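Please examine the sequence and the model shown below.

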Amino acid sequence: MSYAARIQVTPLMNALDAYIVGIGREQSAKTVKALRRRSNPYSVASNLHQSSGQPIDHARQEGEAAAGKKVDCKASCSWCCYQPVEVSADEVLLVGRHIEQITEELRKEIWEKVSKTAMIVQSLPNRSRASVSKEGIACPVLGKEGTCVVYLARPTLCRGNDSFSASDCKQIVQNPDFTGTFTKARFAAQGASLGHAMALEDRGYDGRRYDLTLALNELHASGIDRAAASWIEKKQVFDDRALTLED
């Protein structure tokens with residue numbers, strides 16, 4: 001039975017949960033169609049980013065209209081890059097391929113950062129958002145100028161990050177329990193990410209949720225072609241140690 005058939009909006013759900021589930025069901029159907037047309041992880045991940053863009057953008061625009069102001073997000077504002085990023089295996093592969101296409105000097109620098117950051121993350125008692133934020137651990141693909149090196153290939157959950165106040169985001173890094181002011185874009189991204197993962201699982205692909213840093217580190221060690229082949233062959237792409245942990 002498909003995700004769309006298994007997960008239904010129920011009267012017991014609050015409005016936000018129902019919203020996330022609804023987005024997830026829509027994305028699940030879109031991912032299933034993509035899997036029928038395409039057989040490589042890069043195209044499937046790109047389809048996720050393209051198809052989830054509409055609900056994410058719509059949620060952001062609705063939030064801005066309701067608040068009567070624009071979100072405070074701009075290039076070089078990178079406070080949202082100090083938290084673990086949960087991704088699907090195909091998204092990891094797309095990010096990895098993007099890294100391989102940048103200049104040799106920058107590519108070497110990024111892979112070194114991935115390795116060093118992975119060691120730090122692995123040493124933490126747990127890998128929760130609070131722990132990573134508290135330690136001030138930046139995403140390894142965050143560039144020197146505070147911009148994402150893989151921006152065009154950034155994961156779905158990154159695409160949903162926004163805030164009406166950059167100072168709120170800074171405050172959250174320093175105090176993960178702080179509540180900022182955001183639009184529903186992040187919840188649209190969560191729903192799309194969930195629906196995508198469940199569709200992958202339904203079709204026999206690796207639908208597990210990985211930590212971006214740890215999965216990228218393993219990808220660099222094993223080789224992108226080998227990992228892509230595992231995905232195509234419907235095998236688990238990365239080790240269990242790269243899976244995300246619950247907060």
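This is a predicted model: local features need pLDDT of at least 70, side-chain atom pairs count only at pLDDT 80 or more; totals for chains, interfaces and linings use all residues.

Residues are numbered from 1 along each chain as its sequence is written, and side-chain values use heavy atoms, leaving out hydrogens and water.

A nonpolar core is a set of buried Ala, Val, Leu, Ile, Met, Phe, Trp, Tyr and Cys residues joined through side-chain atoms within 4.5 Å. Buried means under 20% relative accessible area, exposed over 50%, and partly exposed in between, with a 1.4 Å probe and protein chains only. The largest such core has 42 residues, and those with the most contacts inside it are Val92, Leu93, Ile99, Leu216, Leu219, Trp231 and Phe238. At least two residues each come from helices H3 (41–67), H4 (89–100), H5 (104–123), H10 (212–222) and H11 (224–232); helices (H or I, at least four residues) and strands (E, at least two) are DSSP runs numbered from the N terminus. H4 gives the most to this core, namely six residues. A second, separate core has five residues, including Ile56, Ala185, Ala188 and Ala189.

Phe238 also takes part in contacts (heavy atoms within 4.5 Å). Beyond its neighbours within four places in sequence, Phe238 meets Ala89, Val92, Asp206, Tyr210, Ala215, Glu218 and Leu219.

Rings of Phe, Tyr and Trp (its six-membered ring) pair if their centres lie within 6.5 Å; planes under 30 degrees apart count as stacked, over 60 as edge-to-face and the rest as tilted. The count comes to three aromatic pairs. Trp79 and Tyr82 form a tilted pair, because their ring centres are 6.2 Å apart and their planes stand at 40 degrees. Trp79 is partly exposed at 32% relative accessible area, and Tyr82 is partly exposed at 21%. The rings of Tyr210 and Phe238, with centres 5.2 Å apart and planes at 85 degrees, are therefore edge-to-face. Tyr210 lies in strand S2 (residues 210–211) and Phe238 in the segment after H11, so this pair ties together parts 28 residues apart in sequence. Both Tyr210 and Phe238 are buried.

His49 lies in helix H3 and is buried, with a relative accessible area of 7%. Not counting residues up to four places away in sequence, His49 touches Glu91, Leu94, Ala153, Arg154, Pro155, Thr156 and Arg159. His49 and Arg159 are 110 residues apart in sequence and 8.4 Å apart in space, C-alpha to C-alpha.
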